[in-house]
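Dear colleague,

I am handing over the structure we spoke about, with the sequence alongside. Please look through it first, and then read the notes below.

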Amino acid sequence: MITHPQQETAKHRLCDTTPAPLQSALSRGHRWLWILETGEAGSLREITEKEGVDTSYVSRMVNLTTLVPDIVAAILDERVPARLTLVELAVDPPWNWGEQRDKYEL
């Protein structure tokens with residue numbers, strides 16, 4: 001049990017360890033960017049061949065690595081509004097973080 005400052009108690013919640021789809025996509029993007037940065041793969045095409053996925057998919061997931069930290073936090077905390085889809089976040093996100101915040105309205 002958890003005791004709040006007002007002496008109210010709350011039942012312990014079990015954590016769900018299954019990542020949400022946006023969380024998995026963000027993780028893939030960072031992993032694939034790391035593979036590129038370390039030279040493990042020399043191009044997106046090499047990653048697609050190793051992973052058996054489409055080049056445009058890899059590119060979109062890598063785009064997620066450019067998201068502003070508060071949007072990344074919202075993804076990790078599962079606070080992204082349902083109106084924001086993976087495609088909307090991953091296809092050509094603005095490079096400017098202020099523009100991202102305006103576009104995605106989080």
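In what follows, two residues are said to touch, or to be in contact, when heavy atoms of theirs lie within 4.5 Å. By that criterion I71 touches L89, Q100, Y104 and L106, once residues up to four places away in sequence are set aside. Please keep in mind throughout that this is a predicted model.

As for the overall arrangement, the protein chain contains six helices and two strands, and along the sequence these follow the pattern β-β-α-α-α-α-α-α. Of its 106 residues, 30% count as buried, and the chain exposes about 7300 Å², of which carbon and sulfur atoms supply 53%. Among contacts in the chain with a separation of 6 or more, 51% are accounted for by residues 24 or more positions apart.

I71 also belongs to the largest nonpolar core, which has 22 residues and in which W32, L64, L67, I71, I75 and L89 are those with the most contacts inside it. Helices α1, α3, α4 (69-76) and α5 each supply at least two residues of this core, and the largest share, five residues, comes from α1.

W32 deserves a separate remark, as it takes part in the one aromatic pair that the structure holds. The ring centres of W32 and Y57 are 5.9 Å apart and their planes stand at 75°, so the pair is edge-to-face, the cut-off for that class being over 60 degrees. This pair links distant parts of the chain, with W32 in helix α1 (residues 21-37) and Y57 in helix α3 (residues 55-63), 25 residues apart. W32 has a relative accessibility of 1% and therefore counts as buried, the limit being under 20%.

Turning to α3 itself, its buried residues are V58, M61, V62 and N63, and these pack against α1, α2 (44-51) and α5 (86-90).

A further residue of interest in helix α1 is Q23, which at 13% relative accessibility counts as buried. A polar atom of the Q23 side chain lies 3.3 Å from the backbone oxygen of I75, and I75 is itself one of the core residues named above. Leaving out residues up to four places away in sequence, Q23 touches T18, I75, L76, D77 and E78.

With best regards

Note on methods: Residues are numbered from 1 along each chain as its sequence is written. This is a predicted model: local features need pLDDT of at least 70, side-chain atom pairs count only at pLDDT 80 or more; totals for chains, interfaces and linings use all residues. Side-chain values use heavy atoms; hydrogens and water are left out. Rings of Phe, Tyr and Trp (its six-membered ring) pair if their centres lie within 6.5 Å; planes under 30 degrees apart count as stacked, over 60 as edge-to-face and the rest as tilted. Helices (H or I, at least four residues) and strands (E, at least two) are DSSP runs, numbered from the N terminus. Buried means under 20% relative accessible area, exposed over 50%, partly exposed in between (1.4 Å probe, protein chains only). Accessible areas come from the Shrake-Rupley method with a 1.4 Å probe; for residues, only the protein chains shown count as cover. A polar contact is a pair of N or O atoms within 3.5 Å; within protein, one must be able to donate a hydrogen and the other to accept it, and residues adjacent in sequence count only if both atoms are side-chain atoms. A nonpolar core is a set of buried Ala, Val, Leu, Ile, Met, Phe, Trp, Tyr and Cys residues joined through side-chain atoms within 4.5 Å.
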